[in-house]
Amino acid sequence: MKKVIKSAEQLIALQEFTAARIAIGRAGTSIPLKQSLAFKLAHAHARDAVYSELDITCLTDQLKQFDLPVLHLHSMAGYREQYLQRPDFGRKLNEESILHLADHTQANDIAIIIADGLSATAINSNVIGLLEVLIPTLRSAGLKLADITLVEQGRVAIGDEIASALNAKLSLILIGERPGLSSADSIGAYLTYAPIPGLTDESRNCISNIRPKGLSYKQASKKIFYLVQEAFRRKLSGVELKDNAGLLGE
Amino acid sequence: MYRHTIKSKVYQFADLKDLLAKASPCRSGDELAGVCAATYEERVAAQITLADVPLKTFLNEVVIPYEKDEITRLIIDTHNTEAFEPISHLTVGDFCDWLLSDHTTTETLQQISAGITPEMAAAVSKLMRNQDLIAVAKKCEVVTRFRNTIGLTGHFSTRLQPNHPTDNPKGVAASIIDGLLYGSGDAVIGINPATDSPAAVANLLNLIDTLRQQFDIPTQSCVLSHITTTIQLINEGAPVDLCFQSIAGTEKTNSSFGIDMALLDEAYAATLSLNRGTVGNNVMYFETGQGSSLSANANFGVDQQTCEARAYAVARKYNPLLVNTVVGFIGPEYLYDGKQIIRAALEDHFCGKLLGLSMGVDVCYTNHAEADQDDMDNLLTLLGVAGCSFIMGVPGSDDIMLNYQSTSFHDALYLRKVLGLRPAPEFELWLMKQGIIDDKGNLLSVNAAHGLLGGKG
């Protein structure tokens, strides 16, 4: 008697058409252990990513290549458990960070903000690779970049507060996305034209799933650059800019 | 103003809304909203105070003003005083004991259902332990019909959820066939589309309808598009079985979803007119979930569980085939961990059933919640004991389109096995005829010649 009952060959063949966990067979009526452990491992990667931390030392070191000052900031969320329960805290800088930015009043075009979000793993693994393509592109278009900021326990909206304090015309926040079972290392990029604290999602444009096995650094950089140019040309971002999203096709 | 004194400490609660919020078992969403009790003692003080509030008070004191909210108007204007009569003399605390009493039977609960307002249901649920929520829900029987019969005691159904990130027809079909071979899909075969474009939704509707007709499956289909898209598709002659919509318990939240009751009336009438049901005509499928009102900044200081119960007033106006609380999808800022998700699911299931709804639960969590498969196993089992009408069936628990974890096809089989539950009767008969289960309900292995695998049968 076989312990695991496999799905029919024809069903297994259908795995070609979907990444869904179909045709995994059964042990009795339950999921076979091998599949169960594979699921657990995927979930473990996602959980580890949620609790991962920015490698500030390594990132600061690697960011030196862009010849920009790197500022280290922190949101009002003191620790991860609080961050998860109080999204409002993650959207605002703590007092020390606000003071830290107080004397940065020189006008800039773009502030690049790097935040852990829900996966510091995504930032630790992928942000340098993305910036190595993106920053030269932005500079070649004559855009002036503000100091780079590294933010712990940050949510998307914190980018607008920071860019506003840095006197930048546009905020570009690169942030770790909520890990899925298939990917724990995706970066999301959100940009806001004329950023001020208190703006909501409809004021922003988003490019999602930036990672080597998703949207590549090159593709992502191209899309971000397109949106940046359009935002500066039309002096807006968000829903109205999204109307032209067809131009962003692969 | 409500008050209670514990050891010379006087607790005051500004109004019924405040009292309900402070009496609510702890959850992150109410903390985020700033409406929850500040201490353990205050919470129990609120519960003791709430227990003494007469049910009649709920007909005179509303949590969101009548003039400002069409759901408040619906609750007050359609309150059935005749059904309310047998419980009209009770306080919330009396009501709790009354619900648990052996003299209160399935029939009694069915008779008074229309006399209970959502706020009364929410209030009593806040005083109940998990086992009370289970014991009373178990006594409720809500039966609905379309092409099969959902909610009969001893039966337990599943929504087959074959989502695909790009709506690829072959990918969707593969998940449907996989699910059917595990005996899933009697509540509905329901797809969350990746886009809301009418043409894409119509393609998916046609895909399921063709399969259903080819194999003569006694179930119903649904593509969970926005209600305006569904109305358009009905007008264009697409094969719409069930009309779907996400709903919530405040007018302002529903407005953020792009709906109001006039639009729901229109969609309900349009779907009924198609007359596609064979054994009944419950044509609506609603989804809800605690936290949606706060998320839309439209909770008016009302706690998230009371907001959720108010959504059921909207649902019951339209005699839905299915109502699904998508409990763990919203994330840890509303329901932090397994304990809070489990509690919320049992509350929603209890309140829904008490108010007369065919209640199912999406037993689910996201990767940033403090929850895992063990928590979901616990909840799944508790819901099975409580007589939950249906859960989801997702290949391997992993929804690759919505990026969250729900229940697998296997989970439903486990529950049926350990609790002796059976699929909807019409669907069960079909599964036997197809050779998917035997006459005792045991799953069989189908061979390559099976029609669903492209064989000639």
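Chain A carries an open sheet of six strands, ordered 1-3-2-4-5-6, and its pairing is mixed. Keep in mind that this is a predicted model. At the edges of the sheet you'll find strand 1 (70–74) and strand 6 (204–210) of chain A; each has a single partner strand, so one side of each is left without a neighbour in the sheet. Going from one strand to the next, the twist averages 20°.

Further in, strand 2 (residues 108–115) and strand 4 (residues 168–176) of chain A run parallel and are joined by seven bridges. If you want a spot to look at, A:I114 sits opposite A:L174 of strand 4 of chain A. Helix 8 (residues 158–165) of chain A packs on this sheet, where it touches strand 1, strand 2, strand 3 (148–152), strand 4 and strand 5 (187–193) of chain A. The direction of helix 8 of chain A makes about 145° with that of strand 4 of chain A.

Now for where the chains meet. On the chain A side, 34 residues are in contact with 36 residues of chain B. Helix 1 (9–13), helix 2 (33–50) and helix 4 (80–85) of chain A each supply at least two residues of the side that touches chain B. Helix 2 of chain A gives the most, with six residues. By type, the residues on that side of chain A split into 19 nonpolar, nine polar and six charged.

Over in chain B, there's a helix pair to look at. The axes of helix 1 (residues 16–23) and helix 3 (residues 40–51) of chain B come within 7 Å and cross at roughly 125°, which makes helix 1 of chain B oblique to helix 3 of chain B. The crossing of these two helices of chain B is left-handed. Helix 1 of chain B brings B:L19, B:K22 and B:A23 to the contact, while helix 3 of chain B brings B:E42, B:R43, B:A46, B:Q47, B:T49 and B:L50. Sorted by type, the residues of this helix contact come out as four nonpolar, two polar and three charged.

Finally, here are two residues that have a positive phi without being glycine, A:A23 and B:S8.

Key. Residues numbered from 1 in each chain as written. Chains lettered and ligands numbered in written order. Predicted model: local features only at pLDDT ≥ 70, side-chain atom pairs only at ≥ 80, totals over all residues. Contact = placed C-beta atoms within 7 Å. Helix = DSSP H or I, 4+ residues; strand = E, 2+ residues; numbered from the N terminus. Nonpolar A, V, L, I, M, F, W, Y, C, P; charged D, E, K, R; others polar. Axes fitted to C-alpha atoms, helices over the stretch in contact; angles between N-to-C directions. Parallel < 35°, antiparallel > 145°, perpendicular 65-115°, else oblique. Left-handed = near helix turned anticlockwise from the far one by under 90°. Pairing = 2+ DSSP bridges.
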